[in-house]
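Visitor: Could we go through this model together? I would like to discuss strands and pockets.

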Amino acid sequence: MKPLTEREIRAAFVNCTKGAAKRLSVPHDLADRPWDDLDYFGWRDPQAPDRAYLVTELGGRPTALALRSSSAALGQARRSMCSMCLTTHSGGVCLMVAPKAGKAGQQGNSVGAYMCGDLACSLYIRGKREAGAGARLPETITLEEKIRRTVVNLAAFVDKVVA
């Protein structure tokens with residue numbers, strides 16, 4: 001993913017108003033992020049733990065989503081799997097819900113997916129972050145295929161929000 005500025009991120013939101021995008025909390029350390037290893041950039045709002053955001057490139061343009069998450073991670077006693085990167089976590093997967101874009105979102109319609117609570121799917125599939133023993137199941141596909149699968153899963157989620 002190419003590095004993004006705060007201005008580009010705020011302009012990329014498709015499921016919230018421009019005013020809400022202007023007020024949301026964007027990390028200040030954007031220059032220090034591992035952009036080359038990211039298929040999407042996701043973060044949790046430090047001032048509101050139930051809010052999360054993600055930005056990805058679709059069609060060569062950044063597309064950002066505002067998300068709500070459950071305050072507690074699922075599977076505290078057992079493992080749960082992220083539907084984007086297929087990493088399993090003990091207590092690290094959350095239901096992330098995004099209001100749909102446009103009129104459907106204004107009427108309260110939303111789309112949800114179980115995702116890594118820290119939104120670090122890209123780092124898990126590349127082995128740059130550990131989710132604990134047994135988090136990545138053995139697979140016979142290449143790293144490029146794992147990345148492609150994660151990008152396709154994320155694009156399908158974004159498409160449901162935008163549709």
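Predicted model: local features only at pLDDT ≥ 70, side-chain atom pairs only at ≥ 80, totals over all residues.

Visitor: What volume does the second largest pocket have?

Guide: The second largest pocket has about 170 Å³. A pocket is an open set of points on a 1 Å grid over the protein atoms alone where a 1.4 Å probe fits, with protein on both sides within 12 Å along at least five of seven lines; lining residues have an atom within 4 Å of a point. The volume is the space filled by probe spheres set on the points, which are joined across faces, edges and corners.

Visitor: Which strand gives the largest share of that lining?

Guide: Strand β1 (residues 40-45) does, with four residues. The lining of the second largest pocket includes W43, D118 and R129.

Visitor: And how much space lies in the largest pocket?

Guide: About 440 Å³. Of its 21 lining residues, N15, C16, T17, A20 and A66 are the closest to the centre.

Visitor: Changing topic, how do β6 and β7 pair?

Guide: Strand β7 (residues 110-116) and β6 pair in the antiparallel sense over seven bridges; pairing requires at least two bridges found by DSSP, and strands are DSSP runs (E, at least two residues) numbered from the N terminus.

Visitor: Which residue is the bridge partner of V97?

Guide: G112, in β7.

Technical notes: Residues numbered from 1 in each chain as written. Heavy atoms only, no water.
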